[in-house]
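Reader: I am new to this structure. Could you walk me through how to read it?

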Amino acid sequence: MANKDLRNWLEDVDSIGELQTVTGVEHHEEIGGLVDIFQRKMGNPAVMFDEVPGFPKGHRVIANILTSVPRINVALGLDPEASEMDLIRWWRDYMGDAPTHAPREVNGGPLLDNVSEGEAVDITTIPTPKWHEHDGGNFIGTGCMVVMKDPDTGWVNFGCYRVQSHEPALATVMMSPGKHGRLIMEKYHRRGEACPVAVVAGMHPAFFMIAGLEIPYGKNEFDAVGGLMQEPIEVINMPKTGLPVPSGAEIAFEGFIHADDKVLEGPLGEWTGYYAGGQREEPAIRIETFMHRDNPVLTGAIPAVPPNDNTFYLGTYRCGAVWNQLEAAGVPEVKGVWAHEAGGSRMWLTVSIKQMYGGHSKQAGMIAASCHAGAYCNRWVVVVDDDIDPTNMDDVVWAMCTRFDPREDMETIRGGWSSHLDPMCYDGDTDRRSARVVVDACIPFNRRDSFPIVARSSRELDDRIRAKYADVLP
Ligand SMILES: Cc1cc2nc3c(=O)[nH]c(=O)nc-3n(C[C@H](O)[C@H](O)[C@H](O)COP(=O)(O)O)c2cc1C
Ligand SMILES: [Mn+2]
């Protein structure tokens, strides 16, 4: 049986009332402008654009894909009703055993509905939005996967790297230093060879999620998606490069990146929510084969002021990862980890613990701010007691206001791991480190028995009142 594809996800999402279709929206300004408004609040529906002026009916764009917990749940095969904390626990378990399934070559499937080669290639037949007013062009690859193969080991990697569409058979790809795709490309170029590349620009969101996560170097991301979907991924080997793409994908193209073949790429709004500004030269993909399903759907996931489609789903994953790493570092009784959406999933972490000894809370905070999953681009770590719900900012701010002694409970860590995408890094060109704060908002351990009692009903009284007065309660 074929794997679940984007259309299955769309049906499931539609059945829980989380899909809205809009027709007649123009792609140079209005699609992006509309998505920007949908994206400002998490929980708004996904938006499908059809009948885009200038394109055939049925050539569609889906955006605002993973900006609600139920839609992330559906993508991962969970109960749509699962809570955010359920989702965090699920990621924790998934990362605990990191299941894999090797892909299966089927070399057939609906992606082959329309195949063009050479002169006939024209990626501009796909409605490709200019997502923000300040973007330098139209980006066909945002919610995408860029597939490459290591020439030494045969390891297949894919990552979500933005891809700008320039001409019918020309695109550029922006891969930051150190990203796996860039490392692989550099290997080909050092050998004096062109780098084969395949881009998938419409597919089931599980692929997009894995594409955007830092899966370890050397691990095949198709295996990882297979582990997520609990079955082998069915793939097509692209005709010129042999690179695998999901057989149920909507849109794919392949080609080669030649050393020093670069084209000016306009900036796309960055995940931190500001614009990089200026144009950069990025590697050019000379496209040789282009294929798409009948009535193809482009998947868009655009960076903007967080929370957004680029950051929201990363939050629950990061919470699971930080939670695992705190435990691996020997911190006991971690009760929850929360990456607040407005911090773009990285800049704000709340950790809740059941305090066991003096120094426990500070230890948890310092490690959360420095472990692999928590360190990059962090700014705030707040540690709270286990009676505080870390996902509830009212609770967290209240703890910060009433259990925190600025003389004792605040540590500044200087020179942390960051990026030029962090507007407060020391220097975007020469020193990409940044400083961060650890706030211990737990009740002081040595006052735990004498600290004022919280003015809220006990669980027992709550339960009794709820049972008796269910009909009058709000
Ligand atoms: C919507 C979205 C857009 C992204 N855009 C880029 C990008 O343009 N360039 C880049 O290097 N990383 C980008 N990333 C981050 C990478 O996808 C992420 O670091 C991923 O782990 C890269 O794959 P790799 O670990 O196999 O290199 C983006 C992530 C998302 C979710
Ligand atoms: Mn990778």
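Reader: Which helix does A399 lie in?

Author: A399 is part of helix α11, residues 393-402. Keep in mind that this is a predicted model.

Reader: Is A399 buried or exposed, and why?

Author: Count the C-beta atoms around a residue; 20 or more within 10 Å makes it buried. A399 has 23 C-beta neighbours inside 10 Å, so it counts as buried.

Reader: What does A399 touch, leaving out residues up to four places away in sequence?

Author: Its contacts are V384, I388 and A441. Look at A441 in particular. A399 and A441 are 42 residues apart in sequence, yet their C-alpha atoms are 5.7 Å apart in space.

Reader: Now the domains. Which ones does the assignment give?

Author: The domain assignment lists domain 1 (6-299) and domain 2 (312-447). Their centres, taken over C-alpha atoms, are separated by 31 Å. Domain 1 puts 19 residues into the contact, and domain 2 puts in 18.

Reader: Which helix gives the largest share of the side of domain 1 that touches domain 2?

Author: Helix α4, residues 84-97, with eight residues. By class, that side of domain 1 has 12 nonpolar, four polar and three charged residues.

Reader: How many residues are in the largest nonpolar core?

Author: The largest nonpolar core has 122 residues. Those with the most contacts inside it are M145, V146, V147, V199, V200, V245 and A252. Helix α8 supplies the largest share, nine residues. Domain 1 and domain 2 each give at least three residues to this core.

Reader: Take V199. What is it in contact with, leaving aside neighbours within four places in sequence?

Author: V199 is in contact with G141, C144, V146, V163, A171, A252, F253 and I285. Two of these names, V146 and A252, are also on the list of core residues with the most contacts.

Reader: Which residues of helix α7 are buried?

Author: In α7 (residues 221-229), the buried residues are E221, F222, A224, V225, G226 and L228. Their packing partners are α3 (69-76), β8, α6 (205-211), β12 (234-237) and β13 (244-246). After α7 comes Q230, with a positive phi near 60 degrees.

Reader: You named β12 and β13. How do strands join into a sheet?

Author: Strands of a sheet pair through backbone hydrogen bonds, either parallel or antiparallel. Here three strands form an open sheet, in the order β4-β12-β13, with mixed pairing. The edge strands are β4 (104-105) and β13, and each pairs on one side only. Between β12 and β13 the pairing is antiparallel, over three bridges. N237 stands opposite P244 in β13.

Reader: Last, the ligand. How many residues surround ligand 1?

Author: There are 19 residues around ligand 1. The closest are G159, R162, S176, H180 and G212. The elements that give two or more residues to this shell are β8 (156-159) and α5 (180-190).

Reader: What classes make up the shell around ligand 1?

Author: The shell has eight nonpolar, eight polar and three charged residues. Strand β8 gives residues to this shell, and β8 is also among the elements that the buried residues of α7 pack against.

Terms used
Residues numbered from 1 in each chain as written. Chains lettered and ligands numbered in written order. Predicted model: local features only at pLDDT ≥ 70, side-chain atom pairs only at ≥ 80, totals over all residues. Near = placed C-beta within 6 Å. Helix = DSSP H or I, 4+ residues; strand = E, 2+ residues; numbered from the N terminus. Nonpolar A, V, L, I, M, F, W, Y, C, P; charged D, E, K, R; others polar. Buried ≥ 20, exposed ≤ 12 C-beta atoms within 10 Å, placed from the backbone. Contact = placed C-beta atoms within 7 Å. Domains from an automatic or database assignment. Core = buried A, V, L, I, M, F, W, Y, C linked by C-beta atoms within 7 Å. Pairing = 2+ DSSP bridges.
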